[in-house]
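Me: I'm new to this one and would like to learn how to read it. Can we go through it together, one feature at a time?

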Amino acid sequence: MARADWPIEVVYATPVPDVRWVHLTPGGSVFDAIRQSGLLEDYPGLDIRARRVGLFGRFATLSDPVRPFDRVEIYAPLPEDPKVSRRRRAAVTSGTSRRYSPG
């Protein structure tokens, strides 16, 4: 009996998300889906081992198995520490005499 391939969506979080569909045999992993999507070839600077990945918005590892119609996501790094960003915004909007000073 032949095993059917599973459709998997792979998304790379760029300013305009790059969305691709691949077909994996049962037992494939998150890394298999990313490799088959061609994103590693199209984005030479993409170091997949340094990025966080997920399945439907939940963090995952590259070795996690995928199921039919899963959405594999490659997350972009945060441009700024969220705590620092919030402090900066709060200092600007509070109108107090305290000024924001990083560090």
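Me: Let's start with one side chain. Is phenylalanine 69 buried or exposed?

Reply: Keep in mind that this is a predicted model. To call a residue exposed, you look for a relative accessible area over 50%. Phenylalanine 69 has 55%, so it counts as exposed.

Me: Where in the chain is phenylalanine 69?

Reply: Look in the loop between strand S4 (58–60) and strand S5 (71–74).

Me: Which residues make a nonpolar surface patch with Phe69?

Reply: Val19 and Trp21 do, and with Phe69 they give a patch of about 350 Å². For the chain, the accessible surface is about 7,400 Å², and carbon and sulfur atoms hold 55% of that.

Me: And how much of the chain is buried?

Reply: Of the 103 residues, 34% are buried.

Me: Now the fold. How many helices and strands does the chain have?

Reply: There are three helices and five strands. Their order along the sequence is β-β-α-α-β-β-β-α.

Me: What about loops, say the one with proline 17?

Reply: That loop runs between strand S1 (6–12) and strand S2 (18–24). Skip the neighbours within four places in sequence, and proline 17 is in contact with Val11 and Tyr12.

Conventions. Residues are numbered from 1 along each chain as its sequence is written. This is a predicted model: local features need pLDDT of at least 70, side-chain atom pairs count only at pLDDT 80 or more; totals for chains, interfaces and linings use all residues. Side-chain values use heavy atoms; hydrogens and water are left out. Helices (H or I, at least four residues) and strands (E, at least two) are DSSP runs, numbered from the N terminus. Buried means under 20% relative accessible area, exposed over 50%, partly exposed in between (1.4 Å probe, protein chains only). Accessible areas come from the Shrake-Rupley method with a 1.4 Å probe; for residues, only the protein chains shown count as cover. Patches are made of residues with over 30% relative accessible area and no salt bridge: like charges are joined within 9 Å, nonpolar side chains (Val, Leu, Ile, Met, Phe, Trp, Tyr) within 5 Å. A salt bridge is a side-chain nitrogen of Lys or Arg within 4 Å of a carboxyl oxygen of Asp or Glu. Contact means heavy atoms within 4.5 Å.
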